[in-house]
Amino acid sequence: MIVHLVDGTYELFRHFYGLRRFTQGEDPPFGAVAGVLQTVLQMIEQGATHLGVATDHVIESFRNGLWPGYKTSAGVERALLAQFHPLEDALVAMGVAVWPMVELEADDALASAAALAARDRNVEKICIWTPDKDLAQCVVGDRVVQVERRTGVIRGATAVREKFGVDPERIPDYLALVGDTSDGYPGLPGIGKVTAARLVNRHGALEDFPAEAFGANRELALLFKDLATLRTTAPLFRTVDALAWRGPTPAFETLASRFGAPRLWTRARAARPDSTAPAPPPRSRGRQSSKRRPGRPD
Ligand SMILES: [Mn+2]
């Protein structure tokens with residue numbers, strides 16, 4: 001089976017600003033929510049059987065206690081912020097596994113879910129749907145890959161190395177040196193992408209760098225690495241069976257209408273795993289359905 005892990009925070013931003021290009025300043029109150037639901041439903045219609053969505057229930061996380069400049073909700077528009085909780089509720093009603101993060105970030109949830117799913121030998125592939133470079137650290141060979149929805153680019157370990165110049169497990173070291181302006185830490189002064197990759201390839205993990213490589217900035221570099229390191233220990237589910245989509249709950253009908261997208265309900269009903277055949281074959285909880293509904297959305 002293939003497991004799909006979706007960055008719900010990224011999707012909400014993407015749909016919010018995508019929609020705005022057509023609505024000229026009028027933000028429909030649940031427009032981005034409907035957009036994300038439509039994206040997730042499309043993945044299901046195109047064959048995804050096991051999926052989960054990570055969201056930031058609040059933007060602030062434990063990382064704000066580590067570094068004063070770390071990103072907060074201050075820069076996020078109210079009309080967008082107001083759609084996070086409705087999205088979480090709607091995904092639950094649609095029957096989709098959702099992980100609303102409070103202490104941790106959605107990125108940590110994606111990393112934790114990928115680590116949990118990777119333990120299951122029946123999982124052939126884990127697709128992490130986000131363009132965020134943080135998640136490159138979770139890539140493993142061609143089994144755990146990062147997928148960019150907009151470009152269709154799929155990155156396994158070789159592609160991560162080509163893009164950043166370092167292996168996936170060295171991404172936190174690399175990011176600590178170059179910084180990440182969208183997350184709110186600057187990296188070390190005077191170290192660009194090329195130098196960072198060269199240093200990491202020469203010395204390995206930051207902890208193993210010779211003291212003279214940082215000068216006075218060693219503690220700072222290690223702090224940035226801590227910020228860049230995704231947590232993989234969130235107990236999000238026990239087995240990947242918890243990620244199997246079994247169809248919408250009745251509550252989804254009301255929600256879909258409220259979001260101005262009643263078709264989401266009819267589509268979700270039609271996409272239910274047991275609604276396709278007139279006389280459905282007996283379904284065990286085992287995933288022979290992944291044979292019947294092959295492939296991954298693209
Ligand atoms: Mn991130």
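Two strands count as paired here if DSSP finds at least two bridges between them. I start there since the sheet comes first. This is a predicted model.

With that rule, 6 strands form an open sheet, and the order across it is β3-β2-β1-β4-β5-β6. The pairing is mixed. Which strands stand at the edges? They are β3, residues 97-101, and β6, residues 154-155; each has a single partner strand, so one side of each has no neighbour in the sheet.

Further in, take β1 and β2.

Helix α4, residues 84-93, lies across β2 and β3, at about 160° to β2. Helix α5, residues 106-118, lies across β1, β2, β3, β4 and β5. Its angle to β2 is about 155°. For reference, β4 covers 125-129 and β5 covers 144-147.

Next, the core. The largest nonpolar core has 84 residues. Which members touch the most others? They are Leu-5, Ala-109, Leu-110, Ala-114 and Ile-128. The helix that gives the most to this core is α2, residues 31-45, with 9 residues. Looking at Ala-114 in particular, and leaving out residues up to four places away in sequence, its contacts are Leu-5, Ile-126, Ile-128, Cys-138 and Val-144.

Last, the helices later in the chain. After α7 comes Gly-179, with a positive phi near 80°.

Turning to α9, its buried residues are Ala-221, Phe-224, Leu-227 and Ala-228. Down the helix axis they fall within an arc of 115°, so they line one face of α9. The general point behind this is that an α-helix has 3.6 residues a turn, so residues three or four places apart point the same way. What covers the buried residues of α9 includes α7.

Note on methods
Residues numbered from 1 in each chain as written. Predicted model: local features only at pLDDT ≥ 70, side-chain atom pairs only at ≥ 80, totals over all residues. Core = buried A, V, L, I, M, F, W, Y, C linked by C-beta atoms within 7 Å. Buried ≥ 20, exposed ≤ 12 C-beta atoms within 10 Å, placed from the backbone. Helix = DSSP H or I, 4+ residues; strand = E, 2+ residues; numbered from the N terminus. Contact = placed C-beta atoms within 7 Å. Axes fitted to C-alpha atoms, helices over the stretch in contact; angles between N-to-C directions. Arc of directions from axis to C-beta.
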